[in-house]
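Dear colleague,

Please find the structure below, for your records. My notes on it follow directly after.

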Amino acid sequence: MYISDDCLLTWLAVINGNDLVTLLEFPFMQRAIAGAVLMGILGGVLGSFVTLRSLSFFSHAVGHAALVGVALGVLLQLNPTWMLLPFTLVFGVVVLYLIDKTDLGSDSVLSIVLSGALALGVILTSLIQGYRGNLMSVLFGDILAINTTDLILTLLVLVLSSIFLLSSLRQQILLTLNPAVAKIQGIPVQLYRYAFVVLLSLAVAVAIKAVGVLLVNAFLVIPASIAKLISHNFSRFLVMSVIFGSTTSIAGIIISGLFNFASGPSIVLVQFIVFVAVFSWVKLTMKAA
């Protein structure tokens with residue numbers, strides 16, 4: 001019997017729709033959706049400042065160096081998440097201290113420290129015997145495997161980040177635009193810089209389980225970059241970053257669940273596609289004008 005292409009597409013859509021409804025009934029999928037919303041908001045809030053302050057390479061370094069924390073957790077038979085949190089926190093603060101105390105450029109310091117930490121992480125990984133499932137899931141991301149503890153940690157980091165940034169928004173904006181003027185006006189620049197690095201490091205740690213060490217930087221940078229393409233007002237830019245971060249995360253999870261793709265790469269791929277689409281739309285609009 002001949003089935004038209006339109007009928008076949010409709011049939012596939014019904015199956016996928018039923019699969020989606022079934023997926024949403026599972027607790028792990030519900031936790032994944034909740035985690036996507038929380039991490040999307042967190043990535044949007046912090047990613048806005050990361051993008052404007054040119055700290056993308058910093059978050060990249062912290063994310064890749066987290067391999068040491070993951071490997072240590074597996075070797076010590078501890079939950080890698082509990083090793084990631086203190087390790088990324090200490091690493092982020094130490095790197096910022098080295099940048100402040102050396103005459104080298106920040107990119108040079110970050111490259112040196114990243115290379116050393118990554119080399120150590122690879123060596124520690126080679127020492128792990130037997131099953132490496134926990135290590136692989138953290139390295140490459142699996143938001144479908146997040147648990148209640150991960151959600152609580154993400155919520156805590158989000159609340160702390162929101163309170164810190166929104167309660168001092170005027171100072172944060174001035175510090176972002178002109179640190180020298182901020183210092184003259186009596187704003188504690190160093191305190192704010194270190195506090196932001198602490199929050200950024202913690203955000204990297206909690207997001208790694210969702211999108212993995214290799215893609216965590218894109219998770220922070222891409223939504224904010226999309227928002228920056230279409231908004232020049234800071235408040236709107238911040239809101240758009242949060243919206244893009246959360247919606248693309250949810251879309252990535254749904255695609256991952258329906259087609260059995262890896263969750264981390266699925267989220268980042270959706271973000272990349274949206275970025276390309278928005279970039280193309282902006283360029284076409286400018287040409288038409």
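A nonpolar core is a set of buried Ala, Val, Leu, Ile, Met, Phe, Trp, Tyr and Cys residues joined through side-chain atoms within 4.5 Å, where buried means under 20% relative accessible area, exposed over 50%, and partly exposed in between (1.4 Å probe, protein chains only). The model is predicted: local features need pLDDT of at least 70, side-chain atom pairs count only at pLDDT 80 or more, and totals for chains, interfaces and linings use all residues. Residues are numbered from 1 along each chain as its sequence is written, and side-chain values use heavy atoms, with hydrogens and water left out.

The largest nonpolar core has 77 residues, and Leu42, Phe58, Ile143, Leu165, Phe196, Ile208 and Ile253 have the most contacts inside it. Helix H10 (residues 189-211) gives the largest share of this core, 15 residues. Of the protein's 289 residues, 45% count as buried.

The secondary structure comprises 13 helices and zero strands; helices (H or I, at least four residues) and strands (E, at least two) are DSSP runs, numbered from the N terminus.

Among the buried residues of H4 are Met83, Leu84, Phe91 and Ile99.

Leucine 127 lies in the loop between helix H5 (106-126) and helix H6 (133-140). Leucine 127 counts as partly exposed because its relative accessibility is 49%.

Of the contacts in the protein with a separation of 6 or more, 76% are between residues 24 or more positions apart, a contact being heavy atoms within 4.5 Å.

Yours sincerely
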